[in-house]
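Dear colleague,

Please read them with the model open beside you.

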Amino acid sequence: MTPFILLILHVVQFARAEAVRSSGSCDFEEDLCGYKSDPQYEPWAVNFQGRYIYIEGSADGNGKVGSFTSPELHGLGESCVRLVYQLTGSDPGRLNMYIRPEGNSFDFLLWSASEPSDSWKIASIGVRNIVDKSKIILEGVVNPDPKASIAVFEINVTPGYCIVCTFEENHLCGYNNRWNPNLNWLVGGGSVRDSPTNLPTDHTLDNEHGHYMYVDSIYTTSLHEVAQLMSPVTTSVLSGCLSFFYQLEQKHSNLFVAYTKDRIGHYEEVWRATQSTHNWSLVKVNVKASHPFQIVFEVAFSSTKGGYAALDDISFSPHFCNNKTAQVFDPSLANCNFDQGLCKYSQNHKDGSKWTRLVRKPNAFRFGDHTSGVGGFLISNARFGYQQEYVAHLAGPLLLANLQYCVQFFYALNHFVTGDALAVYIYDENDRVQEKIWSIPKSPTGMWIQAEVNYQRLEPTKIVFLSVCKNFWNCGMVALDDVTVSQGDCRIPGGSWLAVPGKCNFDEDNCGFIQDQKDKSNWYRRGGATPTSYTGPKGDHTTGGTTCTLRPLI
């Protein structure tokens, strides 16, 4: 072989290696692909037999934190990061994945896992609209247990959406069969020829080497058993056109349905097969989701001779199936902190302007603005003193129909002893009451309390805050501030893949904040009021109740 050819081969190999490095993918077979351990933390070790990286716990009573940083990545755009990982031990700790945009002071959390497992698991994490250079950060937080460990076998970064799949790779794009003792989704094509059913040829390659997913009725032992194939959960809100190819041999009343499923477990049907087909048939269906979701393909047979169902080549486009761009409605037009006025809210002049905007600082005897302490907020029944009988009516802007909304706001009470002190109603565009969705669940506390409520209607709606006083003895004042409206479910944290860095209410845990063990005092997480008067807050700031805050102990 001539020196020139050797030089060409060397250049090609170098170019391939650089392409892998720039993509962020790594199987750790040859090297670390440009990934490096952060010297400020515990180093990740390399297992040279199985070729994976890991960090282990220790018996010295201290946990470990290891940070593993990718090389600089160029314009990830819309990509899917697939991670093969394993956490071992009874309480191993947590594996986090962050994105670090160029020139940004924060790492944005993409994904986190803490459940231990006996085998390798696959996570599919969607990355959206990263135009600038960035880095992927893997953080292993290992608990102080010598049996705890966190390992990563492979990182695979590919362009496109995580729910897209041809089923030609071993990882099946993170799609997961929900195991059933008798009826399950299986991999078809390739060398799979153990079924007596005359199964189809793969659609992607159209030959015996390609693969697809199928369900066969010969494995059914009882009627109406269900097989479910679930996609990875999207890490952001997606709207557009979902398409796939299917076959259905329907000798009896079989069922083949596609759903979207949110993290709470709510299903919404998006497609149902209405006829059998022995050829690959294309399905296109619009998906409109105001929250992260997963696609669920469900098959059920009414007989052991019910035939089979097959699925292949799932794809997704941000354009609706009629080639129109998905119109994204921004419900933040109903947001208001009342610092500059009422925003897009208005009062019912028939009832009079009973909501008054105040600007005052808080002190030990009264609450002030919630947003910053120096801005404005609304208070009912302020202009007229403790007036007998009134209705304070505040209506927001018109919101689109057929969307799920999360309404969040802060309120405070003084002297009210009735549930009518503050309630949230839904009105239609003609100002007619549709339903009451929230009322005060707590007695007066004299401090700001956070409230949140979900709703969804088939018609355009307005959010209305109503405060009612029926007699002198039940009336006091109610304050309102920081109204925010978003699409999705309030119970699903982080409707977007970009979780706000550093944001934490300490209700569940410390959100990754770490106590510095080298100083002379510590922060402790606790709930409720302090044991002595005027030495701390009356309760948690988030809800006003007994959920948790951090307090220093010196």
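Searching the whole structure gives seven salt bridges, a salt bridge being a side-chain nitrogen of Lys or Arg within 4 Å of a carboxyl oxygen of Asp or Glu. The model is a predicted one, in which local features need pLDDT of at least 70 and side-chain atom pairs count only at pLDDT 80 or more, while totals for chains, interfaces and linings use all residues. Residues are numbered from 1 along each chain as its sequence is written, and side-chain values use heavy atoms, with hydrogens and water left out.

One of these bridges joins the side chains of Lys133 and Glu72, at 3.7 Å from N to O, and it links distant parts of the chain, since Lys133 is in the loop between S8 and strand S9 (134-142) and Glu72 in the loop between strand S4 (64-69) and S5, 61 residues apart. The strands here are DSSP runs (E, at least two residues), numbered from the N terminus. Lys133 is partly exposed, with a relative accessible area of 31%, and Glu72 is also partly exposed, at 36%; buried means under 20% relative accessible area, exposed over 50%, and partly exposed in between (1.4 Å probe, protein chains only).

Another salt bridge pairs Arg100 with Asp107, at 2.6 Å from N to O. Asp428 forms a salt bridge with Arg432, their closest N and O atoms being 2.9 Å apart, and Asp428 counts as buried, at 7% relative accessibility.

With kind regards

Technical notes:
Helices (H or I, at least four residues) and strands (E, at least two) are DSSP runs, numbered from the N terminus.
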